[in-house]
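Trainee: I would like to learn how to read a structure such as this one. May we go through its features one after another?

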Amino acid sequence: MIRLTKDQLFKPYGSASSQSTITAVSADAEDVAIADSGDLIDATNVEGALAEIAADVAAIPSPATAVANHSDMDGGGGLVPNATNKAHHAAAVTFGDTGDLFVAADVDAALTEAMTVHNAHKNADGSGGGDVPATNMVHNARAIEILDTAGLFAATQVEAALAETAAKVDLNKHIADWQIDEFPMRQSYYRNISCDNTLASTDSGLIEIATVDTTSGTLGGIAYDGFITVNWLPYRPNLFAPDTGFEWAFLDMDHHNTSEPDRTGDYTLRCKIIGGVYADKKLYYKVSYGSEGDLTVGSPILVYNPHEQGNGWEWINSGNYIVGPGAAGTWRDLYVVCNGIFRHSAGYFVMIVTGWKAGSPKTCSIGAFSSDDLETWTVMNSDAAFAVPSVGDSWRYAKFEGGAGVFYLDHEDRYFMIVGGKTAAGRNTIGWVKFDENLGNVEYATAEAVARTSTYDHYYPSVVHYGGKWRLTYTVDDDPTDVYLWTYKEAFSNRPEGPYTDPADMFADLSTMKTNDGLFCSSHFTAISPFTWRGRLYAFAYGCSKYNYSGNKGNLEAGLLYWNERLATPKWEIDPRSPIIFNAMYADASVLWGSGFTWQNDHIGGWLQFYAWQNYLYLYYGGSAGTDTYKLCARKLQLT
């Protein structure tokens with residue numbers, strides 16, 4: 001074997017030098033293998049690796065494109081579509097949570113945390129989720145708004161709406177208990193310790209001023225002129241912590257601008273109650289009318305509230321009127337009176353209305369209004385009356401005034417209403433009218449429904465069906481010059497049209513009633529309208545007093561009568577809470593209840609008519625700022 005030395009391996013043959021020389025050797029890159037222990041390249045030889053590197057280099061975007069793609073990925077804008085091949089791993093992206101909304105510190109964990117909240121939210125808002133309520137993620141009720149297209153709430157968010165509902169339930173909870181028997185009405189008129197307004201001033205201790213302090217101040221941020229203490233007060237929470245705009249008031253019954261007995265004039269010292277302390281029998285007041293210096297220890301006062309906080313019935317349209325007079329020259333250009341309501345077969349409601357027209361003499365006729373909700377009313381029949389006076393019928397020669405109540409006669413498919421008329425000689429009469437639901441097919445009585453002495457007047461007729469009989473109540477005036485001499489009759493018939501016979505006095509003790517200085521009706525009644533409620537017979541009665549200590553001297557307010565069948569000889573009696581429905585009397589624009597009630601600050605009038613619908617009672621009646629200015633207002637009561 002020949003063994004070559006190192007020099008021999010690198011030294012060219014025939015050369016005298018021992019220095020090595022590099023000789024270029026040509027090799028194909030395809031034949032040169034590479035070892036890639038890091039798996040950086042897919043190729044296994046140099047040529048493939050170079051090609052692979054060149055392709056990767058070519059795929060690198062320009063700096064501008066790379067920035068744009070990165071901006072697109074982080075939500076700041078950029079190109080479309082997203083650079084999905086350069087997406088960040090969410091677990092590697094941190095974020096600053098200055099609001100401490102998340103426990104997580106990176107996007108991936110925060111998204112997981114957010115989904116947990118989302119699923120709990122589904123459970124909390126009733127849309128699904130787990131069985132266990134997400135108690136740690138409950139919503140703040142003050143932050144949730146409500147959509148109230150029906151206008152059921154004054155509130156605009158859930159918490160306030162719940163509070164509003166709770167207040168209504170608390171206000172009406174005892175009224176619901178009365179449904180079986182008693183007519184639902186709270187007392188809202190207090191003048192004596194017995195809470196019995198049928199008693200004379202000498203029969204029960206009056207509510208009297210014990211002390212007077214005229215030092216002004218504020219209570220709950222509301223200014224007051226001073227305070228009084230009295231010998232007794234009812235425990236009515238909203239008397240001592242009232243709702244603004246619906247406060248109680250008191251008037252001093254010793255201060256009146258006409259002498260007794262008389263049915264005219266006004267009380268001249270009146271105050272709004274802005275709050276008080278029951279334990280101290282203290283009332284903070286703001287003087288509405290009169291001189292604060294006239295408040296005197298020992299003076300009797302009336303404490304009253306015409307609003308929901310008083311009698312439990314809430315105002316519709318915030319106490320403003322819902323139907324008023326029409327344009328000059330129309331059948332109702334002077335004032336309007338509600339006679340009754342029925343539901344049309346098409347689903348809307350119809351209110352029958354008497355309209356009075358100005359003139360000398362003034363005249364009246366009957367028209368109608370319609371409503372879809374019993375609250376907003378639109379005149380019908382192109383604003384024309386559908387039942388009118390006629391010189392062809394002697395009893396309705398000069399007037400046609402609706403009485404109280406509209407009754408459906410199923411055997412005729414028509415409605416019946418008792419009405420008042422007037423002869424050519426000027427005597428007031430009673431008849432009737434019938435009509436269908438479209439105000440057509442009108443039929444009039446051809447004679448008076450109850451016999452009348454030719455020189456007498458019959459006013460304010462009303463009928464009710466009770467005990468198998470139609471009962472007609474009406475006012476008899478045998479001396480047209482003196483309302484003090486009016487009497488009140490009730491007559492009976494087997495059919496609504498009459499004739500009504502066997503007239504009897506409604507009050508055997510009328511002469512005693514007229515000398516009772518505590519009764520709201522010691523001067524006279526005007527209209528008395530009977531109705532049935534839960535199988536019992538009641539009546540609304542408008543009354544006016546002639547005595548200061550009634551608290552109703554010179555005014556006209558509505559009391560409640562009930563037919564007391566518990567007696568051996570049944571008779572009509574006055575509910576001791578009466579008057580139960582009264583206007584916002586003496587309201588003024590600046591102190592007592594505001595300008596929204598000044599239109600009705602004198603007395604009420606017309607008829608009281610109620611209609612039951614969907615667990616509500618709706619009550620309609622007239623208010624005025626003086627004679628012949630009557631407009632219709634309305635209230636409602638949720639029974640349960």
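Mentor: Let us begin with the terms for sheets: two strands pair if DSSP finds at least two bridges between them. Strands (E, at least two residues) and helices (H or I, at least four residues) are DSSP runs, numbered from the N terminus. This is a predicted model, in which local features need pLDDT of at least 70 and side-chain atom pairs count only at pLDDT 80 or more, while totals for chains, interfaces and linings use all residues. Residues are numbered from 1 along each chain as its sequence is written, and side-chain values use heavy atoms, with hydrogens and water left out.

Trainee: Which residue stands opposite valine 379 in E14?

Mentor: Phenylalanine 369 faces valine 379 there. Strand E13, residues 363–371, pairs with E14 over two bridges in the antiparallel sense. Both strands belong to an open sheet of four strands with the order E11-E12-E13-E14 and antiparallel pairing. Strand E11 (335–343) and strand E14 (378–379) are at the edges; each has a single partner strand, so one side of each lacks a neighbour in the sheet.

Trainee: How many helices and strands does the protein have?

Mentor: The protein has eight helices and 30 strands. A residue is called buried under 20% relative accessible area, exposed over 50%, and partly exposed in between (1.4 Å probe, protein chains only). Of the 640 residues of the protein, 46% are buried. Areas are computed by the Shrake-Rupley method with a 1.4 Å probe, and for residues only the protein chains shown count as cover. The protein exposes about 30900 Å², of which carbon and sulfur atoms supply 53%.

Trainee: Which strands pair with E25?

Mentor: Strand E24 (residues 524–533) pairs with E25 over eight bridges in the antiparallel sense, and threonine 532 has leucine 537 of E25 as its bridge partner. E24 and E25 make a hairpin with two residues between them, and arginine 534 in the turn has a positive phi of about 50°. E25 is also joined by six bridges to strand E26 (residues 557–564), and these two run antiparallel. In that pairing, tyrosine 542 is opposite alanine 558 of E26.

Trainee: Where is aspartate 213 placed, and what does its side chain contact?

Mentor: Aspartate 213 is in strand E2, residues 209–213. Its relative accessibility is 26%, which means that it counts as partly exposed. A polar contact is a pair of N or O atoms within 3.5 Å; within protein, one must be able to donate a hydrogen and the other to accept it, and residues adjacent in sequence count only if both atoms are side-chain atoms. The side chain of aspartate 213 makes such a contact with the side chain of threonine 215, at 2.8 Å. In E5, phenylalanine 227 is the bridge partner of aspartate 213. E2 and strand E5 (residues 226–230) are joined by four bridges and run antiparallel. The open sheet around them has seven strands in the order E1-E9-E6-E7-E8-E5-E2, with antiparallel pairing. Its edge strands are strand E1 (189–190) and E2, each of which pairs on one side only.

Trainee: Which residues does phenylalanine 246 touch, apart from those up to four places away in sequence?

Mentor: Contact means heavy atoms within 4.5 Å. Setting aside residues up to four places away in sequence, phenylalanine 246 touches Asn305, His307, Gln309, Trp315, Trp593 and Phe597. Phenylalanine 246 lies in the loop between helix H6 (237–240) and strand E6 (249–252). Alanine 584 is 338 residues from phenylalanine 246 in sequence, yet their C-alpha atoms are 9.9 Å apart.

Trainee: How many disulfides does the structure hold?

Mentor: A disulfide is a covalent bond between the sulfur atoms of two cysteines. Here it is taken as a pair of cysteine sulfur atoms within 2.5 Å, and the structure holds zero of them. Cysteine 271 is buried, at 0% relative accessible area, and cysteine 338 is buried, at 0% relative accessibility.
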